[in-house]
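Subject: Structure handover

Hello,

Here is the structure I said I would pass on. Please open it alongside this message, and then read the notes below it.

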Amino acid sequence: MSKRFDVVKKLIKKEDVEWSWDNSPILLPLAYEPREENAIIAAFTIAEHCGSKVFVHHVRNEADTESAREKALKTLREHAKSFKVSYEVTESGRVVDADDVGYISKSIVDAAKDAGCQAIVMSAHRESFLRELLGRISDRVARIADRRVILVESAFRGARITTQPKKIMVTILENRFYRDALVLAAVFTSSLSAPNCELIAVNVIEIPEATPIDATERSKVFRLIEREFAHNVALAITSIGRLFTPRILPVRDVGRDVASFALDEGVELIIMGSDKPGRLGPVLTKDEYAVVKKAGCVVLVVFPPKND
């Protein structure tokens, strides 16, 4: 645990950074599928808070149907009216194969750049083994985009983002404190959406199987981590203007124990930050993937802009 504490000490150095997002547009890529509604809600929630316009981008493909398009546009109209945000729909001129991951992801990234968007908010789902092995479109976008990307992960059918969540959990793994994850949590508790929502920031500490949890919690290193984490959260509270309750969660199995904790706490939305993925290797770490896979609610994963 000493190595983790060294990481914490480095992360708590005060920086002159911006703890908010501006009113630049939000890009919302849609394939016109019903399961994308969570991404619509997330994008419109951010747009409402920031005063941004939402650019909806659809890459036309051979699997498109007019009925699916009409249903998607109706859902957009309904949520835009509810959130009182403006949006614009654009569609690619070229029709491609639905499995053309390279072209579709590049079209999305280019659309965000052309519109000057500050973030791409995109639906992500568990796919077939082969698709996940080769890489989802959302994974490819997270890799190549030069701006902030928010993946709306729904691990199971029926997972829904409520427009007024009562409790949101920011999950911190390996003491990696991501500013954008806390900012995004604050966005979901703006005065227009969920003013009474409780925010908890949970630092997940994995401990060896043979180490008793109560002994860990009494250790000096654990107390130091706890104190420094509370300091970090206090800085976030001061900078963002939202109250976060800091919690330390010792676990043996990250995915299982985080999911169990969230269920016991009544958490309705989990938010995590992640490093910008490289050209090779998985987009999410093993522990991040475990949280997404086992969570009983929607998980938002925030990737920073390139060279942030």
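Predicted model: local features only at pLDDT ≥ 70, side-chain atom pairs only at ≥ 80, totals over all residues.

First, the chain as a whole. The protein chain holds eleven helices and ten strands. It has 308 residues, and 52% of them are buried. Among contacts with a separation of 6 or more, 83% are between residues 24 or more positions apart.

Ser52 sits in the loop that runs between α2 and β2 (54-58). Is Ser52 buried or exposed? Its relative accessibility is 4%, and buried means under 20%, so Ser52 counts as buried. Which residues does Ser52 touch, leaving aside its neighbours within four places in sequence? They are Asp22, Asn23, Ser24, Pro25, Ile26, Ala47, Ser86 and Gln118. For Asn23 there is also a distance to report: a polar atom of the Ser52 side chain lies 3.4 Å from the backbone oxygen of Asn23.

Then there are two helix pairs to look at.

The pair α2 and α3. Helix α2 covers residues 37-50 and helix α3 covers residues 66-83; they pack at an angle of about 30 degrees, and their axes are 10 Å apart. Angles under 35 degrees count as roughly parallel, so α2 is roughly parallel to α3. The crossing of α2 past α3 is right-handed. On the α2 side, the contact is made by Glu37, Ile40, Ile41, Phe44, Thr45 and Glu48, and on the α3 side by Thr75, Leu76, His79, Ala80 and Phe83. Sorted by type, the residues of this contact are six nonpolar, three polar and two charged.

The pair α10 and α11. Helix α10 (residues 254-265) packs against helix α11 (residues 286-294) at an angle of about 45 degrees, with 8 Å between their axes. The two helices α10 and α11 are therefore oblique to each other. Here, too, the crossing is right-handed, with α10 passing α11. Val254, Gly255, Arg256, Val258 and Ala259 of α10 meet Asp287, Ala290, Val291 and Lys294 of α11. The residues in this contact of α10 with α11 are five nonpolar, one polar and three charged.

Regards

Terms used
Residues numbered from 1 in each chain as written. Heavy atoms only, no water. Axes fitted to C-alpha atoms, helices over the stretch in contact; angles between N-to-C directions. Helix = DSSP H or I, 4+ residues; strand = E, 2+ residues; numbered from the N terminus. Parallel < 35°, antiparallel > 145°, perpendicular 65-115°, else oblique. Left-handed = near helix turned anticlockwise from the far one by under 90°. Contact = heavy atoms within 4.5 Å. Nonpolar A, V, L, I, M, F, W, Y, C, P; charged D, E, K, R; others polar. Buried < 20%, exposed > 50% of the residue type's maximum accessible area, 1.4 Å probe, protein only. Polar contact = N/O pair within 3.5 Å; in protein donor to acceptor, adjacent residues only side chain to side chain.
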